[in-house]
Each structure stands twice: as structure tokens, then as C-alpha cells.
Amino acid sequence: MLKVSDYFRKWSIPSRIAGSILYKTRDQYCRTAGAEVEGYNEPSVNSHVNGEYAKINWDVLGFGLIPTDYMYIMNCSKDQHFSQGTLTPFGKIEVNPSSGILNYGQGLFEGLKAHRTANGRILLFRPEENAMRMKVGAKRMCMQAPTVEQFVNAVKQTVHSNKRWVPPPGKGAMYIRPLLMGSGPVLGVAPASEYTFITYASPVGNYHKGVLNLIVEEKFRRAIPGGTGGVKAVTNYAIIYKPIAEAKAKGFTDVLFLNAEKYIEEVSTTNIFLVKTTSARYYEVEQITLTRWYELELMTMWYELEQITSTRWYELEQTTSTRCYELEEITSTRYLLIVKERAIPVGELFDAEEVFCTGTAVGVNSVNSITYQDTRIAYKRGAGTVGQKLYEMLTGIQTGRIEDKMGWTVELD
């Protein structure tokens, strides 16, 4: 039996934005971010299409900013539509001191990746889902949002203009960061008068280096009912710096948050899954009741399994919260996964045999241990685990090694 606890988680300066934001050219940004950058060479006009790679040590990529060549920018006024965007050299920006983003945190971001395949193609993974999630978040934050088409076009142009920074196959991925912010000036507590949408990118490696050891956080909360935990608001993240810093000072990799009722919530930047097996072929997958239910759009267990396996799924027990999926491995061995939705008490960490995290940045990453109230619980990792099977399937589709039967990937023109 398998229990999975899912707790969800071109080139012109904009004409007018009331002095709220200006753009500067790319300067001394060449920090290593875990990789050796040999220095920035101004790209030739065709450097993003002629197949050359940036001069960086692809073997030591970490997850940090390595500035690329260009960023994409769009603007709009309140109650208006976003104008045609532009590509501009990556660089610093100036923001009005009274802008909505600086004063009241009126901002959203997304994250997605581009992968280079063995035959040289560049694939995006479901960018339209990120666009739709941003639209949902913008509604919650009283912001204007780009259309799905504008969002996807911005991502494509950002990747294409920075093509030489997409890592070689097996060396990492290009992480794309779309950012929507209230850039117009505002003094009273109110939505900004103008909005800016920026998309930039950086080559990245693994988010976590080494094994993943978590500690349960019992004092600080990641999200609350009725808050903004269901959207990717920029204000959701600074609040976790303190518990993460305290956890790392004790030797842990990351933090597992609980809600106020002591049910599992999420890791700081990822979803988490608990697995318990009692049969070689049948697993039960149990989700928690979601407070951050919009995460379902991208990387929750039942959605990904329904789509990745996709051979068949069944409704069980006359309830829409129980599902059965057929999971077909690369080796053609098949496993049935029964998915239920319920709240998962923290005490069930002791019952799990396997735990793994999922997210855009981390992919699928198995957990080595979780410490709860000074008790360390170790979990299975590696070959044969559910997390490893999902990792192989997901990355196989994203990198073109496995046929994409669902139409998830978008090839860069």
C-alpha cells in the first residue's frame, strides 16, 4: 500500500510608466552562482540562434543567478491591457520608491524550465499552465495580468534570445522567472496604477546539493486559511527565511511546515509526498485537504499521475476524491496507484517508508530523513522507489527521452 501526502503546495525601452521603472544595461553581474563564468561577452546579433554555448563550466552548475543576455518587458496601466512587449539587455532596473511592489508587496512570480534534448531541440514544459496560474494570482492580488498568449510568447522570446545559456543535455536546465509587479506609484493602501511584467532566465543545476534532510517546524507557519498561500505572491517567501536559516544552522537541508492543526502543509519551496507500500504491485496514494489548491495546476501527485500514466484511471467508492492510476515504468512493469484526498497528521511521518518532494526547481527529489521533536525518521531512496520512477518519467518527458503523448512540451521554434 502506498500513501502519498500531497500538501500543496523588441528591444526598446518602455515609452511611459510615470517614472516608476527604468532599465539599465547589463553590468558587472557575472557572479558564479555555483558555476565558473569566464566573463561576459556581448552577444553577436545571431549568437542566440547559431548554436554556440556560453562560456561557463556546465559541470558545476548550482541553483543561483547567472545573468544571461536579454530580458523581456511589458507594461500596462490599471484597467488596461498589456502592450506589446520588448526584449532589452539584461540589467538593473530603477523602481519608484512609492511603487506598489516596494511598499505593499504587490507582486507575483512564476517559475518554469527549458531543457535541451539530445538532438538539440529546446523544450518548454506546460508554460500555459504557469500563465493561467499567474492570472489566478493576479485576480487575488488586484493586478492586471498578461494573457496566456502574451505570457507564453514572453517565455519563448526570453529563451530564444538566451539560447546559448540553455545547458547541454544532462548538465541542467534554463530556469525562467516571469515576474509581475505593481510598478506604479501609490502612497495609500491600494492597488498600483501601473504594472510591469518582466521575464528573465538563468541556467541552473540541482536546487539541493546532496541528500535531503528535513526538520518539522512547529512554531512558524507557511500559509494560513484565507491568505495568499494559494497563489505565488512574492510576500509568501520572505517569511520562511528565519525558520530555514535556523534549520540550516542545525545541519538540516530544509523545513517541513505544519498548519495550525498539526497537519502536514509543505516544505519551504516544494510539495511533499509520503509513501507506504504493502504490496509489490498496489499502492494507496493519499492526499491532504488543500489550502494551496492552485498548486494542482502544476505539480501535485494526482494530476501528474493522471497525466503521466494516462493509460487508464477509475473512480472508486463512488467518490471523486478516490482515484486509481496505472503507472507504467520504463521497464513496462505496471503498478496501480489508488489516490485519496484527506488531511495527513504529522504523526503519520512515522508510518511512511518513502518520502519525496516535487516542484519546478527541485523536480522530484527523494527525502533522506525527517526529524520531528528530536526523533529522526529515515526513508528509502534510490532505484525502485516511487519517487525515482516518477523522476525518470517526468524528466524523460521534459528532455525528450520519453515520448510526450499528452502534448505537454512546447518546442522552441
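Buried means under 20% relative accessible area, and because isoleucine 176 has a relative accessible area of 0%, this residue is buried. The model shown in these views is predicted.

**View 1. Isoleucine 176, a buried residue of strand β8.**
Isoleucine 176 lies in strand β8, and its relative accessible area is 0%. Not counting residues up to four places away in sequence, isoleucine 176 touches Glu110, Gly111, Leu112, Lys113 and Ala114, and also Leu124, Val155, Val159, Thr199, Tyr200 and Ala201. One of these residues, valine 155, is 21 residues apart from isoleucine 176 along the chain, and the C-alpha atoms of the two are separated by 7.3 Å.

**View 2. The largest nonpolar core and the elements that supply it.**
In soluble globular proteins, nonpolar side chains tend to be buried together. In this model the largest nonpolar core has 39 residues, and those with the most contacts inside it are Leu108, Val159, Met174, Ile176, Leu180 and Phe197. At least two residues of this core are supplied by each of β2 (70–77), β6 (112–116), β7 (122–125), α2, α3, β8 (173–182) and β9 (194–204). Helix α3 gives the largest share of the core, namely 5 residues. Apart from this core lies another one, of 20 residues, which includes Leu214, Val267, Ile344 and Val367.

**View 3. Methionine 174 and its contacts.**
Methionine 174 is among the residues with the most contacts inside the largest nonpolar core. When its neighbours within four places in sequence are left aside, methionine 174 is in contact with Leu112, Lys113 and Ala114, with Val159, Asn162, Trp165, Val166 and Pro167, and with Ala201, Ser202 and Pro203.

**View 4. Arginine 177 in strand β8.**
Arginine 177 has its place in strand β8, the strand in which isoleucine 176 also lies. With its neighbours within four places in sequence left aside, arginine 177 is in contact with Phe109 and Glu110, and with Ile198, Thr199 and Tyr200. The C-alpha atoms of arginine 177 and leucine 112 are separated by 6.9 Å, although the two residues are 65 residues apart along the chain.

**View 5. The crossing of helices α2 and α3.**
The axes of helix α2 (residues 127–140) and helix α3 (residues 148–161) come within 9 Å and cross at roughly 125°, which means that α2 is oblique to α3. The crossing of these two helices is right-handed. On the side of α2, the contact is made by Pro127, Glu128, Asn130, Ala131, Met132, Met134 and Lys135, while α3 takes part through Val148, Phe151 and Val152. Sorted by class, this contact has 7 nonpolar, 1 polar and 2 charged residues.

**View 6. Glutamine 398 in helix α6.**
Glutamine 398 has its place in helix α6 (residues 386–398), and this residue is buried because its relative accessible area is 14%, which is under the 20% limit. Not counting residues up to four places away in sequence, glutamine 398 touches His115, Leu123, Phe125 and Thr409.

**View 7. Two aspartates with positive phi values.**
Aspartate 79 lies in the loop between β2 and β3 (86–89), and its phi is near 65°, a positive value in a residue other than glycine. At 62% relative accessibility, aspartate 79 counts as exposed. Aspartate 374 is found in the loop between β19 (363–372) and β20 (375–378), and its phi, near 70°, is likewise a positive value in a residue other than glycine. The relative accessibility of aspartate 374 is 80%, so aspartate 374 counts as exposed.

**View 8. Threonine 375 in strand β20.**
Threonine 375 is found in strand β20 and, at 35% relative accessibility, counts as partly exposed. Leaving aside neighbours within four places in sequence, threonine 375 is in contact with Phe350 and Ile370.

**View 9. Proline 97 in the loop between β4 and α1.**
Proline 97 has its place in the loop between β4 (93–95) and α1 (100–104), and at 66% relative accessibility this residue counts as exposed. Not counting residues up to four places away in sequence, proline 97 touches Leu102 and Asn103. Proline 97 and glycine 184 are 87 residues apart in sequence and, from C-alpha to C-alpha, 9.7 Å apart in space.

Notes: Residues numbered from 1 in each chain as written. Heavy atoms only, no water. Axes fitted to C-alpha atoms, helices over the stretch in contact; angles between N-to-C directions. Helix = DSSP H or I, 4+ residues; strand = E, 2+ residues; numbered from the N terminus. Parallel < 35°, antiparallel > 145°, perpendicular 65-115°, else oblique. Left-handed = near helix turned anticlockwise from the far one by under 90°. Contact = heavy atoms within 4.5 Å. Nonpolar A, V, L, I, M, F, W, Y, C, P; charged D, E, K, R; others polar. Core = buried A, V, L, I, M, F, W, Y, C linked by side-chain atoms within 4.5 Å. Buried < 20%, exposed > 50% of the residue type's maximum accessible area, 1.4 Å probe, protein only.
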